[in-house]
There are 2 protein chains.
Amino acid sequence: MRNIKLVLEYDGLSFFGFQKQTRHRSVQEALETSLSQILNQKTKISAASGRTDTGVHAAYQVVNFKTNAVMKPLQLQKALNGVLPKSVAVKSLEEVSSNFHARYSAKSKIYEYTIWNHPIRSPLIASRSLHVREKLNLSKMRAGAKILMGKHDFKSFCSSNGMPQEKNSVRKISRFEIRKQGSIIQFRVEANGFLYRMVRNLVASLVELGLGKLEPEDLRKILKAKDRKRAGASAPGCGLSLVHVTY
Amino acid sequence: MRNIKLVLEYDGLSFFGFQKQTRHRSVQEALETSLSQILNQKTKISAASGRTDTGVHAAYQVVNFKTNAVMKPLQLQKALNGVLPKSVAVKSLEEVSSNFHARYSAKSKIYEYTIWNHPIRSPLIASRSLHVREKLNLSKMRAGAKILMGKHDFKSFCSSNGMPQEKNSVRKISRFEIRKQGSIIQFRVEANGFLYRMVRNLVASLVELGLGKLEPEDLRKILKAKDRKRAGASAPGCGLSLVHVTY
């Protein structure tokens, strides 16, 4: 069997998340339907680097699947882009060694979270951001991000929502940058892996820091508690984008 | 009567253009409905700086209206933003002198047009851009933009589509910049006024230049012909944004 790796970009608003569901439109379903149609045989994907939730965008999502089909990579990519809904595109497609696994082979993933920090909402970036009216204190949020960096048990920042609980909730954040340009604040987080809703939960807590509802040092206590109830709510999915995966 | 000037931002995809129509949702209708509701009296706008078409976005659209209502500007702005659909926002609102007219008082307007110039479509910017697969020749497009600058009769670039014909189709383009960042090409055009679909028609012709279907010098002939049939088709509305109006 050939093992094919592909990089996807998609608009999260058009799908109910990456993972296939019975009743709602998902990226996985769109991809498998198109693959099966083009290769003229039922084709399922083996893995994705991560399952993005409803509303979460991807500028760079990696998927792999196995096939006996002989179609050339460039030809398959073009055919897929011709058949897939406009809200998803195959940015690249290549044959890889049989042991490549989009999820298990990933060394790190990078997510970006965007906040529109202005008293008045911005309709033009509303579908790509969280709107926070009150001015956020950047240096407090940066101090918080610094505390979150490194290897920690992030159980307090892992939502459960009916998802199978991860046995091991220790992850290592190797990068946590917060940049501001005009009224746009962008978080960029890189880690060796992410728990369910981890980025959205971390961002929500940093926003509480920025609003003065928490102090940076409180994050240490929340981490230590290993209790989801201790951290803030989840920030909405539409502000989040998966932007890179390294292998 | 007080004369109120307001600056709007809106997502063009949510409306069938700015101008009120019988059967479709427009920005004007949304604004007049909200104003009438808040001021508790039937309120119509006097003018907008320009009527953006279906799909065209605005980061900065200026509107004025007259009212006897005594509500303070900041209060009215907040009330409007609370009532208006999420796809439109009032960025600022102030009382101005009685002779201010959003359209006639405008000295110049600036539009931006965005092209995603890459063999593969980008779902994340699709609703804000035109996708051109073939590599565009930037220096040819810039040479064309240079020819279009200055005072000309732009009749060849004015669509009619059932719109009342302008008596005078002479306009002065004071700026026509083309910037490229990665695969994004952005046109920025400033003029003392624009004919119906003028920017979209100019951009379409510049794209033909970029594709080698026209030479920069051909633009002089097209301008001289004063005949709409001589220029290219219109570029789609979703790539266009009204970004500033000067008074």
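Guide: A residue is called buried when its relative accessible area is under 20%, exposed when it is over 50%, and partly exposed in between, with a 1.4 Å probe and protein chains only. By that rule Tyr10(A) is buried, and Phe18(A) is buried as well. Please keep in mind that this is a predicted model, in which local features need pLDDT of at least 70 and side-chain atom pairs count only at pLDDT 80 or more, while totals for chains, interfaces and linings use all residues. Residues are numbered from 1 along each chain as its sequence is written, chains are lettered from A in the order in which they are written, and side-chain values use heavy atoms, with hydrogens and water left out.

Visitor: How many aromatic pairs are there over all chains?

Guide: Rings of Phe, Tyr and Trp (its six-membered ring) pair if their centres lie within 6.5 Å, and planes under 30 degrees apart count as stacked, over 60 as edge-to-face and the rest as tilted. The count by this rule is eight aromatic pairs over all chains. For Tyr10(A) and Phe18(A) the ring centres are 6.3 Å apart and the planes stand at 35°, so this pair is tilted. Tyr10(A) and Phe18(A) also belong, with Phe15(A), to one aromatic cluster.

Visitor: Which class, stacked or edge-to-face, describes the pair of Tyr111(B) and Phe194(B)?

Guide: That pair is edge-to-face, with 5.0 Å from centre to centre and 90° between the planes. Helices (H or I, at least four residues) and strands (E, at least two) are DSSP runs, numbered from the N terminus. Tyr111(B) lies in strand E5 (residues 108-117) of chain B and Phe194(B) in the loop between strand E9 (184-191) and helix H4 (198-210) of chain B, so the pair ties together parts that are 83 residues apart in sequence. Both Tyr111(B) and Phe194(B) are buried.

Visitor: How many residues does the contact take from chain A and from chain B?

Guide: Contact means heavy atoms within 4.5 Å, and here it takes 23 residues from chain A and 23 residues from chain B. Buried area is the accessible area (1.4 Å probe) that two parts lose on being put together, summed over both. Between chain A and chain B it is about 1800 Å², with carbon and sulfur atoms giving 51%. Arg121(A), Pro123(A) and Leu124(A) supply 41% of the area that chain A buries against chain B, more than any other three residues.
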